[in-house]
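Please read this report alongside the sequence and the coordinates.

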Amino acid sequence: MMTELVQSVVNQIDNLKAKQGLQLPQGYSVSNALQSAWLELTDTTNGVPLVQKCDPKSIAKALFNMAIQGLSSAKNQCYFIPYGKELVLQRSYFGTISVVNRLSNVKKIKAQVVFEGDEFEIGSDEDFNTVVKKFVPKFENRDKSIVGAFAFIEKEDGSRDYTIMTKKEIDTSWNQAKAKNSGARRNFSQEMAKRTVINRAAKFYINSSNDNELFVQAINDTTDKEYDDSRKDVTPENSANTIDAMINSRKDSEQGNSEPEPSSEASETEKVAEDKHDDNKSDEKPSNEDIKSLDKAIEKTKKVDENQNSNSKEMSSDDNSNEDEAGQESLFDNINDIPAE
């Protein structure tokens with residue numbers, strides 16, 4: 001049976017679908033996905049379960065991000081990693097493909113790894129956009145060193161945008177990650193390289209799309225949590241319409257302050273957009289009742305966890321890093337099931 005915390009996430013997702021038009025993949029069951037995730041979070045096979053070691057608010061946010069993106073940990077599309085007391089959701093290669101395919105105007109996305117000895121040639125189109133002009137992989141090169149990777153996103157109109165990364169650029173990206181010495185990157189470097197170049201390819205589409213704002217935020221949050229020096233988007237946003245606000249706004253909800261204070265530095269564009277959607281403001285924000293329900297569930301879970309933690313041993317930082325590596329390696333238990341590209 002799911003806890004109140006998980007049930008509150010289900011209720012909030014249902015509210016977002018009804019009031020904000022959040023669309024989930026066809027056949028995706030929020031309840032089933034959260035139940036599977038909760039089984040992982042409460043699993044005691046490797047010692048103290050994650051639900052006892054991590055802050056309830058970070059657990060709630062990780063579950064929100066998973067559900068909003070339509071991901072399932074049971075399908076190896078995502079996994080949960082503890083960094084100290086913070087629980088972080090990270091997407092797998094499979095999950096990233098699934099999420100990008102849901103973006104508006106995206107018809108198809110693919111990534112390939114280039115090995116030493118493969119025939120690979122780039123050029124430019126009439127608008128001086130970089131394109132892949134020739135790629136001839138060879139079977140005998142697959143055991144050689146990776147020299148780069150590329151991805152393309154095909155839009156609904158048939159045009160393609162290419163993203164190309166050298167191995168040095170891929171390594172630079174990996175070195176900025178929290179898990180710098182990830183076992184998954186060592187043992188499954190091909191899939192991890194594809195995942196990295198796909199994340200970069202999707203970045204422009206994510207931040208310029210007209211998709212649901214919370215869906216876009218969940219994608220960015222999941223990607224950014226992997227890196228120590230993540231660049232934050234400083235664009236002002238409606239503070240009541242974010243995942244963090246749903247989880248951290250107990251004080252405002254108790255005082256009945258559902259309207260954020262207007263910023264004196266807001267741009268004219270934001271003011272026009274605000275006026276345009278004025279009639280729909282009440283539908284674009286989580287209700288105070290939803291927030292109170294979630295906060296109550298978080299508090300109850302936190303109290304239970306504190307009692308359980310008093311009987312559990314503290315885990316060392318080495319344990320956390322080991323779980324990080326183990327969690328990422330588990331992504332590729334079914335590596336042979338990756339569809340041929």
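What follows is a short tour of the model, from overall makeup to single residues.

## Basis and confidence

This is a predicted model, in which local features need pLDDT of at least 70 and side-chain atom pairs count only at pLDDT 80 or more, while totals for chains, interfaces and linings use all residues. Residues are numbered from 1 along each chain as its sequence is written, and side-chain values use heavy atoms, with hydrogens and water left out.

pLDDT is the predictor's confidence in each residue, from 0 to 100. Its mean over the protein is 74, and 62% of the residues reach 70 or more. The stretch 228-237 falls below 50, and has nine contacts in the model beyond near neighbours in sequence. Residues 311-341 also stay under 50. For that stretch the model has 52 contacts beyond four places in sequence. Contact here means heavy atoms within 4.5 Å.

## Overall makeup

The protein has 15 helices and seven strands. These elements are DSSP runs numbered from the N terminus: helices are H or I with at least four residues, strands are E with at least two. Of the contacts with a separation of 6 or more, 70% join residues 24 or more positions apart.

Buried residues make up 44% of the 341 residues. Buried means under 20% relative accessible area, exposed over 50%, and partly exposed in between, with a 1.4 Å probe and protein chains only.

## The core

In soluble globular proteins, nonpolar side chains tend to be buried together. A nonpolar core is a set of buried Ala, Val, Leu, Ile, Met, Phe, Trp, Tyr and Cys residues joined through side-chain atoms within 4.5 Å. The largest one has 61 residues. I13, L63, M66 and F80 have the most contacts inside it.

What does F80 touch, not counting residues up to four places away in sequence? Its partners include A37, E40, L41, L50, A62, L63 and M66. S73, L87, V88 and L89 are also among them.

A search of the whole structure finds zero disulfides, defined as pairs of cysteine sulfur atoms within 2.5 Å.

## Rings and charges

Rings of Phe, Tyr and Trp (its six-membered ring) pair if their centres lie within 6.5 Å; planes under 30 degrees apart count as stacked, over 60 as edge-to-face and the rest as tilted. By this rule there are five aromatic pairs. The F120 and F135 ring centres are 6.1 Å apart with planes at 80 degrees, so this pair is edge-to-face. F120 sits in strand β4 (residues 119-124) and F135 in strand β5 (residues 130-136), 15 residues apart. F120 is partly exposed at 31% relative accessibility. F135 is partly exposed too, at 23%. Ring pairs join F120, F135 and F150 into a cluster.

Charges also sit over rings. The rule asks for NZ of Lys or CZ of Arg within 6 Å of the ring centre and within 35 degrees of the ring normal. The table gives two cases.

| Charged residue | Ring | Distance to ring centre |
|---|---|---|
| R102 | F215 | 4.3 Å |
| R160 | F152 | 3.9 Å |

## Backbone exceptions

Most residues other than glycine have a negative phi, and most peptide bonds are trans. N76 has a positive phi of about 60 degrees. N76 lies in the loop between α4 (56-68) and β1 (78-83). Is N76 buried or exposed? With a relative accessible area of 17%, N76 is buried.

F128 has a positive phi as well, near 65 degrees. F128 is in the loop between β4 and β5. At 70% relative accessibility, F128 is exposed.

## Other sites

Q23 is in the loop between α1 (4-19) and α2 (30-41). Q23 is exposed, at 64% relative accessible area. Q23 and I68 are 45 residues apart in sequence, with 8.4 Å from C-alpha to C-alpha.

N101 lies in helix α5 (residues 93-101) and is partly exposed at 34%. Beyond four places in sequence, N101 contacts V106, K107, K108 and I109. The C-alpha atoms of N101 and I153, 52 residues apart along the chain, are separated by 9.2 Å.

T223 belongs to helix α9 (residues 213-224). T223 is buried at 18% relative accessibility. Leaving out residues up to four places away in sequence, T223 touches R91 and N199.
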